Amino acid sequence: MTYLQEGREADGYVETEKELYAIRQGFPTAKYLYVYHIAQDGCHVIFDLMSTDGEEPGQVWDVVPFDPSFEEYLPALLKGDSIGPVVSDDSDGWLLTVYKPLKDSSGTIVAYVAADITMESILMDEI
């Protein structure tokens, strides 16, 4: 939670961000890679590594509204539970989204690391 509270000023934030970019670069089918803290008012951005197609990433402390395709999963996410992959087809196109819990030292889920994979990237990968 230090990263969410202190943002880019937190010890290790910039280094962690660089590591996340390296992970995303090694996973070319991922359009988005991000870390969100889920709260009643939306998804609080901790890290947001957008795709390389000119989109601006969200900034630490931005609050992203819940996507309608995640409504049925909100109770579980708000409780800090794990969820399975989510398939959606909306303004971003067809996406397969995977959320993995990020736990603090006491084992409490404090955020989720998520990746969005597009159908286009999957098809391109197979060619």
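Ser 88 is buried in this predicted model, because its relative accessible area is 6% and anything under 20% counts as buried. This serine belongs to strand β4, which covers residues 86–90. If its neighbours within four places in sequence are set aside, Ser 88 is in contact with Ser 69, Gly 93, Trp 94 and Leu 95.

What does Trp 61 touch, once its neighbours within four places in sequence are left aside? Its contacts are Leu 4, Gln 5, Glu 6, Gly 7 and Val 45. For one of these residues, Glu 6, the separation along the chain from Trp 61 is 55 residues, while the C-alpha atoms of the two are 9.3 Å apart in space.

The aromatic rings come next, and the structure holds 8 aromatic pairs. One of them joins Phe 70 and Tyr 73 in an edge-to-face arrangement, with 6.2 Å from centre to centre and 65 degrees between the planes. Phe 70 counts as buried at 9% relative accessibility, whereas Tyr 73, with a relative accessible area of 21%, is partly exposed. Phe 70 also pairs with Tyr 99, and here the arrangement is tilted, with the centres 5.3 Å apart and 55 degrees between the planes. This pair links distant parts of the chain, since Phe 70 is in the loop between β3 and α3 (74–79) and Tyr 99 is in strand β5 (residues 93–103), 29 residues apart. Tyr 99 is buried as well, at 5% relative accessibility. Through ring pairs, Phe 70, Tyr 73 and Tyr 99 are linked with Tyr 34, Tyr 36 and Tyr 112 into a cluster.

Conventions: Residues are numbered from 1 along each chain as its sequence is written. This is a predicted model: local features need pLDDT of at least 70, side-chain atom pairs count only at pLDDT 80 or more; totals for chains, interfaces and linings use all residues. Side-chain values use heavy atoms; hydrogens and water are left out. Helices (H or I, at least four residues) and strands (E, at least two) are DSSP runs, numbered from the N terminus. Buried means under 20% relative accessible area, exposed over 50%, partly exposed in between (1.4 Å probe, protein chains only). Contact means heavy atoms within 4.5 Å. Rings of Phe, Tyr and Trp (its six-membered ring) pair if their centres lie within 6.5 Å; planes under 30 degrees apart count as stacked, over 60 as edge-to-face and the rest as tilted.
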